[in-house]
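Have it open alongside as you read.

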Amino acid sequence: MNRLKGKVAVVTGGSVGIGAASVIRMAEEGASVAILDFQDPQGQALAADLTGRGLKADFWHCDVSSEAEVKKVLDEVAEKFGSLTVLVNNAGISGPNKPTHELTEAEWDSVQNVNVKGVFFCTKHALPHMKKAGIGSIINLSSIYGLVSAPDIPPYHASKGAVTLMSKTDALLYATENIRVNSIHPGFIWTPLVEAHLKTTGLDPDEAKQMTDELHPVGHMGEPDDIAWGVVYLASDESKFVTGSELVIDGGYTAR
Ligand code: NAD
C-alpha cells in the first residue's frame, strides 16, 4: 500500500496484458495512472473500474508511433495530474513471423515504429516534465529477446535489443538529474500478444502453449502480475539507486 504515493505514472499500451496489470498494481499502490493506448474500450473500462474503486486513473487515446499525438497527450496528463514522474514504455507488437529474407521494408518499419520510435517519442516528451518535477523513473519493456535471440520474428528481436541499449544510454544521460531509466526483460507472459504470436507458428494451440511453457526452467509461462510487481519496484523510491539495470523476470529462461 502507498509504495507509489504522490507518483504520476503513464503506462503506454495499458489497456490489456502486462500494461493493464501494471496500471492496476501502480494505482493500488497510490499512483495517479494515465493509461495510453489505441484500444479505447478496454482502456476506458479499466480506468472506470479503478476510479470506481476510489483509485486515480484516466484513459487517453494515443498511438505511440505518432510524435505529435504523444507530445499532446503527455502534456495533457501532466496538466490533469499536476506532474509526470513515471513512464512505463510498454506498448509493443510482435510483428510478422517471417525469416529475414522474406521480410519487406514496410513490415520491418511497422515493428520499429512502435517498439523503438514509440519508446523514443514517449521518453523525449516525458523528460521535460520529469526535469521540471526534479525526479523521474522510466521503465522500458524490453524482453528476454533484448538479451538473447530465437530463430523467429527478426524485427521484434532487433527492436528489443535497441530498447535494452536505449535504456542504458538514457540512464547515463539523465543520471545526475534524478531521472532513472531501467529495462525489464520478461520471459513469455500469457497475454493477447503471446496468444497471437503462437497462432503464427501454425502449430496446434495446446501443443504450442505446452512447448512455450517448457522453454522456462520453472516449467510454465509467467503472468502479467509477475512483471507488474517489477514495474512497481522500479517506479518506487525503493529502487532509488537502480539505474541502467536490466531486470530479468523470466522463470529462468536466460539462466541456461
Ligand atoms: P499485448 O499485445 O497483450 O498488449 C499490448 C498493448 O499495447 C495493447 O493494449 C495494444 O493495443 C497496445 N499497443 C500496441 N501498439 C500500440 C501503439 N502504437 N500505440 C499505443 N498502444 C499500442 O502485449 P503484452 O504481452 O502485454 O506486452 C507488453 C510489452 O511487453 C510489449 O512491449 C512486449 O514486447 C513486452 N514483452 C512481452 C512479453 C510476453 O511474453 N507477453 C515478453 C517480453 C516482452
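**Notes on the pockets, the sheet and the core**

1. Let me start with the lining of the largest pocket: by class, 20 of its residues are nonpolar, 12 are polar and three are charged. Keep in mind that this is a predicted model. The pocket itself holds about 760 Å³ of space. There are 35 lining residues, and Asn-90, Ala-91, Gly-92, Ile-93 and Leu-193 are the ones that lie nearest the centre.

2. Which elements build that lining? At least two residues each come from helix H1 (17-28), E2, helix H6 (154-174) and helix H7 (192-199). H7 gives the most, with four residues.

3. H7 turns up again in the second largest pocket, where H7 and helix H8 (205-214) each supply at least two lining residues. Here H8 gives the most, with three. This pocket has about 200 Å³ of space. Its lining includes Tyr-145, Asp-152, Phe-188, His-197, Leu-198 and Met-211. Split by class, the lining has eight nonpolar residues, three polar and one charged.

4. A probe the size of a water molecule, rolled over the atoms, shows where empty space is left. Searching the whole structure turns up one cavity of 30 Å³ or more, and the largest cavity holds about 30 Å³. The residues around this cavity are Thr-12, Val-64, Asn-89, Asn-90, Ala-91, Val-114, Gly-118, Val-119 and Cys-122. Five of them are nonpolar, four are polar and none is charged. Helix H5 (residues 117-133) contributes the largest share, three residues. Look at Asn-90 and Ala-91 in particular: both line this cavity, and both are among the residues nearest the centre of the largest pocket.

5. On to the sheet. It is open, with seven strands in the order E3-E2-E1-E4-E5-E6-E7 and parallel pairing. Strand E3 (56-61) and strand E7 (246-249) sit at the edges, each pairing on one side only. From one strand to the next the twist averages 20°.

6. Strand E1 (residues 8-12) pairs with strand E2 (residues 32-37) in the parallel sense, over five bridges. Within that pairing, Leu-36 in E2 is the bridge partner of Thr-12. Helix H3 (residues 67-81) packs on the sheet and touches E1, E2 and E3, with its direction at about 160° to that of E3. Thr-12, by the way, is also one of the residues lining the largest cavity.

7. How many of the residues of strand E6 (residues 179-186) are buried? Eight of eight, so to speak a mostly covered strand. Both faces are covered: Ile-179, Val-181, Ser-183 and His-185 are buried on one side, and Arg-180, Asn-182, Ile-184 and Pro-186 on the other. Six bridges join E6 to strand E5 (residues 136-141), and the two run parallel.

8. Last, Ala-235, which lies in helix H9 (residues 224-235). Is Ala-235 buried or exposed? Ala-235 counts as buried because its relative accessible area is 2%, under the 20% cut-off. Leaving aside residues up to four places away in sequence, Ala-235 touches Leu-4, Lys-7, Met-26, Val-86, Ser-137, Ile-139 and Arg-180. Arg-180 is 55 residues away along the chain, and the C-alpha atoms of the pair are separated by 9.2 Å.

Definitions and conventions:
Residues numbered from 1 in each chain as written. Predicted model: local features only at pLDDT ≥ 70, side-chain atom pairs only at ≥ 80, totals over all residues. Heavy atoms only, no water. 1 Å grid on protein atoms, 1.4 Å probe; cavity = no way out; pocket = protein on both sides within 12 Å on 5 of 7 lines; lining within 4 Å. Points joined across faces, edges and corners; volume = space filled by probe spheres on them. Nonpolar A, V, L, I, M, F, W, Y, C, P; charged D, E, K, R; others polar. Pairing = 2+ DSSP bridges. Axes fitted to C-alpha atoms, helices over the stretch in contact; angles between N-to-C directions. Contact = heavy atoms within 4.5 Å. Buried < 20%, exposed > 50% of the residue type's maximum accessible area, 1.4 Å probe, protein only.
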